[in-house]
Amino acid sequence: MALLYKSDPARGAEWARILAEKAPELSFRIWPEIGDPSEIRYFFAWMPPDDLATRFPNLELMMSAGAGVDHLDLSKLPPDLPVVRMVEPGIVDSMVEFVSMSVLALHRDLIDYVAQQREEVWKQIRVRPAATRRVGVLGLGMLGEACCRKLTGFGFQVAGWSRSGREIEGVASYAGADELPEFLARTDILVCLLPLTDETRGMLDAELFAQLPKGAKLVNTGRGAHLDQDALLAALDSGQISAAVLDVVTPEPLTPGHPLWSHARVLMTPHIASMTQPETAVEVVLENLRRHQTGEPLIGLIDRKRGY
Ligand code: NDP
Ligand code: OXD
């Protein structure tokens, strides 16, 4: 019984060390040292090879190395191969840190102060209490819900939007396309934590920005393809959006000279909002292998029709 790993090699070595301790019976292989392909039962990857289905005839389970699965071409995977995404506490904790940092930076005008410092300007902006700032989170799943809970702790007025709605203490819940306009109209800082699907691709566009209060701010930690980057540039020019934190862009990295690289109202990070932490993720991986062997429901099993 072998588990094949195909992702960041440095972290692969970490996985090897931890699994050798926790599951010495499991044969752990790191791409491209595959060994006998017929022994591979479990595949853990960010980007699987195109010929996955034919190359590993006894594959039983595909595990995404990340929380999202939009990078996988599900049509190329055997139709009855279960695919799970990464659902683990480490990835949640780091996203909560990043979103809190970003919302607080926008709330406390950090982008203005960085620019002022460069110009040797000493000018105070009136501090606004968190209770007067309305934060809206698109997506109330594993990550969106945890971020909402943390943000309410700072005293922000927090709301979330999802397909089906979710009850979270202290958070106003909006659901579906019908309630999106009302959610946007009450949102000063918008955080995107949606999965990328056919329905959500490009939804951060001019039409959506126009429904936010003038001068609203944006945090995108979902996927670059959620955002129409030209529409963001236009909204920043007009002042409809006053600042943005972008952890994800299209393409990654942006092409040299792209206006978002140097935009004074944009803070950009290289897709590091959150990362799978082997130390905590290993428990979930081993639990999923156990569940798979006993036929119990898998943690993070994705619904191929929904795309997340
Ligand atoms: P989940 O699957 O747990 O949650 C997704 C949420 O989005 C759910 O609340 C779901 O609604 C909602 N949603 C999906 N489609 C729609 C739609 N069409 N309309 C309204 N709501 C919708 O995902 P996670 O919270 O675990 O992760 C979210 C995304 O974050 C990932 O897919 C990935 O793209 C991104 N990510 C980014 C990272 C980074 O470092 N930048 C790291 C990790 C993840 P419902 O509850 O009704 O199903
Ligand atoms: C993920 C990511 O989906 O890193 O986990 O973006």
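Biologist: In strand 8, which residue is the bridge partner of V158?

Modeller: V171 is the bridge partner of V158. This is a predicted model: local features need pLDDT of at least 70, side-chain atom pairs count only at pLDDT 80 or more, and totals for chains, interfaces and linings use all residues. Residues are numbered from 1 along each chain as written, chains are lettered from A and ligands numbered from 1 in written order, and side-chain values use heavy atoms, without hydrogens and water.

Biologist: How do you know that strand 7 and strand 8 pair?

Modeller: Pairing takes at least two bridges found by DSSP. Strand 7 and strand 8 share 5 bridges, so they pair. They run parallel. A strand here is a DSSP run (E, at least two residues; helices are H or I, at least four), numbered from the N terminus.

Biologist: What makes the sheet open, and which are the edge strands?

Modeller: The order of its 7 strands is 8-7-6-9-10-11-12, with parallel pairing. Strand 8 (171–175) and strand 12 (266–268) are the edges, each pairing on one side only. The twist averages 15 degrees from one strand to the next.

Biologist: Why is the pair of ligand 1 and L143 called a polar contact?

Modeller: The term needs a pair of N or O atoms within 3.5 Å. An oxygen atom of ligand 1 is 2.9 Å from a polar backbone atom of L143, so the pair qualifies. The protein buries 94% of the 930 Å² that ligand 1 exposes alone (Shrake-Rupley, 1.4 Å probe).

Biologist: Which helix gives the most to the shell around ligand 1?

Modeller: Helix 5 does, with 3 residues.

Terms used. Polar contact = N/O pair within 3.5 Å; in protein donor to acceptor, adjacent residues only side chain to side chain. Axes fitted to C-alpha atoms, helices over the stretch in contact; angles between N-to-C directions.
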